[in-house]
There are 2 protein chains.
Amino acid sequence: MRLVSYRDRGAPGVGVMADDTGFVALPKVAPDLPRGLRGILELGEAGLRRARAAAESRAPDLRLDQVSLDPVIPDPQAIWCLALNFKRHIEETRLSTSPDHPQIFLRIPASQVGHNQPMLCPDPKIARAYDYEGELAVIIGRGGRHIPEREALSHVAGYSCYNEGSVREFQAHNRQFGLGKNFERSGSFGPWLMTPDEFGDPYAQTVTTRLNGVDRQRGALDDMLFTIEKVISYLSTGYAIRPGDVISMGAPGALPLRPGETAEQFGPIKVAGVVHMKPGDVVSVEITGLGTLVNPIVADDTAI
Amino acid sequence: MRLVSYRDRGAPGVGVMADDTGFVALPKVAPDLPRGLRGILELGEAGLRRARAAAESRAPDLRLDQVSLDPVIPDPQAIWCLALNFKRHIEETRLSTSPDHPQIFLRIPASQVGHNQPMLCPDPKIARAYDYEGELAVIIGRGGRHIPEREALSHVAGYSCYNEGSVREFQAHNRQFGLGKNFERSGSFGPWLMTPDEFGDPYAQTVTTRLNGVDRQRGALDDMLFTIEKVISYLSTGYAIRPGDVISMGAPGALPLRPGETAEQFGPIKVAGVVHMKPGDVVSVEITGLGTLVNPIVADDTAI
């Protein structure tokens, strides 16, 4: 099952995809379910079961291009993000990271948009190195504390794509990433939550980031330093994971620049191979077997 | 005006303090105001004005000891925290920090409790260095973007105390603080929001942290490397600050251990002078002219 969070003329709802373009609107067929996906997940297994039953064998009510998509979970209580979790990305950044404990930071909900929504590129007077990071997002279903690795995947409601858009100059302002990972509408999360029964083994899949159709980052999801199970278990030593929490598993390595491309033409490149996003670009994050998250890059024209 | 967020038999409400122990319950005298303080702040200046008018010259309905206090803002959209922002704290940690840009990380709402509520000490099998950090919390009233320093204080709804409780071993697991600053109910935020007209000049005040009545940290609020104005202006270059957002301004320096005290007796001390909190302790953060945030330390007895 694939679920989307959408707005139809401003009203939020959750939809169950009937095919690749149309979905069954749960507010119509299951009006007693919560309007938000986090609320549905908070009902426990019954939430997704009721969504599935309500949508089963129905024709789609709406198409994706008739609504605006929100981030898969618009209001998570925590968005945990991993830094330097793919071996090739560690090599290309030339940064050190602990081999024993994952490197984790937080994003806030205001820093993310949904599929097809504009991601905001900072004004060049503020920053020029606005970079994509295509990642696997894990969405928690069942909460819990002190979760052993062998039980961790039973707490996962589903998976999605995450573009962990980063403003490198601000990320490097000081030791903690802080604002550099939390610019307004700088990241994206979608297009949908795919349940584990449909996605299958995440480690058999590949994530690819493309800018204007050119492959720029690619990694097999079995190249992670810390697995999904390890990260869930680690977080739960100190924190009770909650339904709707998001864990973005970190970016893979970048691909080399293409013949004829030089770092200079993209501006001051901060991570080898990662070129910056600019207004007018289109960025996509594809995870095989899951889907593709696409976003246009638009200038943040907030008056300075 | 001082405002508290409370629960009375489970029902949330906001109260206006009538004296140091009693408050006027807004759900009773202004039932059309939002139930949460963030909602009241989202009404703009009218929100606090209506709260003030509704409570004016009324006798208190409830005493603090009749309710449980929530964090001043239970559901902020962002809790921005400063690391290494007091000159003495920088010296004592022997860590470097940028002189040009503040060092900022995030906490999640689940990591905070209210005044008089238990703060949870991790099981010693998980961590032993659970440390207080007494700080000034700034609460945003009016949102905005690209805010010049000279206008920054006009965006502040009020001030409070913050105990930015930290689990040092986890904080040091890797480069980003991550989980070490976000253990379940490890920090505290209260007792109330005091409006700027009542608090006056924040830089004329002093923050003191006490453990079991012994002064352990103290700093004048004019010892900050980055002022409130600078931090609000900095954040707003990338992020539209929102009503109810919290900025915790960083911890001051620790006081030396007392004669006869040795680091050994407190366990493996991570920051010179900062002794660890243990179940049975009582920790307080006092800001002169504002109030005192008190919390008992209770063992986190979640089954491992």
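## The sheet in chain B

In chain B of this predicted model, an open sheet is built from 5 strands, which follow one another in the order β9-β19-β18-β15-β16 with mixed pairing. Because β9 (119-121) and β16 (214-220) of chain B stand at the edges and have a single partner strand each, one side of each is left without a neighbour in the sheet. From one strand to the next, the twist in this sheet averages 20°.

Strands of a sheet pair through backbone hydrogen bonds, and the pairing may be either parallel or antiparallel. Within the sheet of chain B, strand β15 (residues 206-211) and strand β18 (residues 282-287) pair in the antiparallel sense, over 5 bridges. One of the residues involved is T208(B), whose bridge partner in β18(B) is E286(B).

## The sheet in chain A

Chain A also holds an open sheet of 5 strands, in the order β9-β19-β18-β15-β16 and with mixed pairing. Its edge strands are β9 (119-121) and β16 (214-220) of chain A, each of which pairs on one side only, and the twist averages 20° from one strand to the next.

Here strand β15 (residues 206-211) of chain A pairs with strand β18 (residues 282-287) of chain A in the antiparallel sense, over 5 bridges, and V207(A) has I287(A) as its bridge partner in β18(A).

## Where the chains meet

Between the two chains, 38 residues of chain A are in contact with 38 residues of chain B. On the side of chain A that touches chain B, the elements that give two or more residues are β7 (103-107) and α8 (228-238) of chain A, and β7(A) gives the most, with 4 residues. The residues on this side of chain A divide into 21 nonpolar, 14 polar and 3 charged.

Notes
Residues are numbered from 1 along each chain as its sequence is written. Chains are lettered from A and ligands numbered from 1 in the order in which they are written. This is a predicted model: local features need pLDDT of at least 70, side-chain atom pairs count only at pLDDT 80 or more; totals for chains, interfaces and linings use all residues. Two residues are in contact if their C-beta atoms, placed from the backbone, lie within 7 Å. Ala, Val, Leu, Ile, Met, Phe, Trp, Tyr, Cys and Pro count as nonpolar, Asp, Glu, Lys and Arg as charged, and the others, Gly among them, as polar. Two strands pair if DSSP finds at least two bridges between them. Axes are lines fitted to C-alpha atoms, for helices over the stretch in contact, and angles run from 0 to 180 degrees between N-to-C directions.
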